[in-house]
Amino acid sequence: MKGQRIYFDNAATTPLFDNVKKAITDAVENNFGNPSSIHALGRTSRSIIESARKSIAKELKASTAEVFFTSGATESNNMAIQCAIRDLAVSRIISSPIEHHCILDTLHILNEQGKVNLELVRVDESGEIDLTHLEDLLMSSNEKTMVSLLHANNEIGTMIDLQQVSELCEKSKTLLHVDCVQSFTKFPIDLSHLNIQFLSASAHKMHGPKGIGMLYINAENMVKPFITGGAQERNMRAGTENIYGIIGFAKAVDEMISRQEEYRSHVTDLRNYFKSKLSDWFPDILYNGTQEGTYLYTVLNVAFPPHPYSDLLMMNLDIEGICVSAGSACSSGVESRSHVLNAINVPQDHKSIRFSFSIFNTREEVDICIQKLVKIFEPESMHT
Ligand code: PLP
């Protein structure tokens, strides 16, 4: 790892795969053409973009006409929500209190502006969606409704069962938008068997570059452009395409898919190893989020009991060369506690840290991190 730092913040962003770096460098050197130009260089760029779209559509079992490149998942999520309201007559959105800020803030603003009625489904203390409550909400109104939920929570790793949620939405003729930023390519997603109208993903969470993402829009629910002023992305998103980003995104998808099982087993092993070492040294810690069944195996969110050093824990880990987050990367610089941890009632006096892993991490790094935590906390003082 660069500069000997240990990077356990892979839910915030991930380092690029070597293949991704190579593909981007090659494109920077050789494929700078504007995909809208009709000369040879432009045509080369266009065909690169279309083959990237094809590999992403193939992975989702979607049609290429349903995949649109965006600047990242924040844009994809905004587009799905705002266009569904504007173009599909959605007047009510059901979401949850533990969504990413780019969903929750957008929904609250639209709700305050009177553009949509917002309802939040209950979650339990692990962050699991209360499906009975969701069903009640779905059945309680005839308004045109969309459900917008995270597939895998970026802070605590709890996941929804896509099949179950999609069936509930189908039964009530409700549209469904899922933010798959943390799960895309880490879990198989087969859109040909799911009633999902919108799906968001982002390259930089899966060893691709930043500033590139995608939105899947089901062909039967096509919306109008969110960004206007150009015919790019089949008139759906104006602006010269981020060709280097798109190339890197597609390369990262290909590598993630070809190594999906290896990735899952390596990271799951690390997470289990880290967890067992933590529990040995710090028997009083709590784990935030679901720890059984299916969960996002890249994330381990740990609540440390009150201790004089716990307030400065993230800073102390940083000094020791270990990169982690207190919550999502976007809010980690902010003093206030994460809305996700508040929603699932993590004790206020506990200090929560999100450790998130990738295929680049090793057991040795886990051992070093444990040693550093032991040094910071002197665990025996935790019981006094
Ligand atoms: N949704 C989730 C679950 C995320 O974790 C993030 C990034 O932190 C986003 C959306 C925003 O993605 P992007 O950085 O591509 O805008």
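At 0% relative accessibility, His207 counts as buried (under 20% relative accessible area; exposed is over 50% and partly exposed in between, with a 1.4 Å probe and protein chains only). The place of His207 is the loop between strand 7 (198–202) and strand 8 (213–217). Phi of His207 is positive, near 70 degrees.

Lys173 is not a glycine either, and has a positive phi of about 50 degrees. Most residues other than glycine have a negative phi. Lys173 sits in the loop between helix 6 and strand 6 (175–179) and is exposed, at 75% relative accessibility.

## Basis of the model

This is a predicted model, in which local features need pLDDT of at least 70 and side-chain atom pairs count only at pLDDT 80 or more, while totals for chains, interfaces and linings use all residues. Residues are numbered from 1 along each chain as its sequence is written, and side-chain values use heavy atoms, with hydrogens and water left out.

## Overall fold

The chain has twelve helices and twelve strands (DSSP runs numbered from the N terminus: helices are H or I of at least four residues, strands are E of at least two). The radius of gyration is 21 Å, close to the 21 Å from the globule rule for 384 residues, so the chain is as compact as a globular protein of that length. This radius is taken over C-alpha atoms, and the rule is 2.2 Å times the number of residues to the power 0.38.

Of the 384 residues, 57% count as buried. Among contacts (heavy atoms within 4.5 Å) with a separation of 6 or more, 74% join residues 24 or more positions apart.

## Nonpolar cores

The largest nonpolar core has 94 residues, and Leu278, Phe304, Phe355 and Leu373 have the most contacts inside it. Such a core is a set of buried Ala, Val, Leu, Ile, Met, Phe, Trp, Tyr and Cys residues joined through side-chain atoms within 4.5 Å. A second, separate core of 22 residues includes Val90, Leu110, Leu175 and Met236.

Not counting residues up to four places away in sequence, Leu278 touches Ile285, Tyr287, Leu300, Val302, Phe304, Ile370 and Leu373.

## Leu168 in helix 6

Leu168 lies in helix 6 (residues 162–171) and is buried, with a relative accessible area of 12%. Leaving aside neighbours within four places in sequence, Leu168 is in contact with Leu131, Leu134, Glu135 and Leu138. The C-alpha atoms of Leu168 and Leu134 are separated by 8.3 Å, the two residues being 34 residues apart along the chain.
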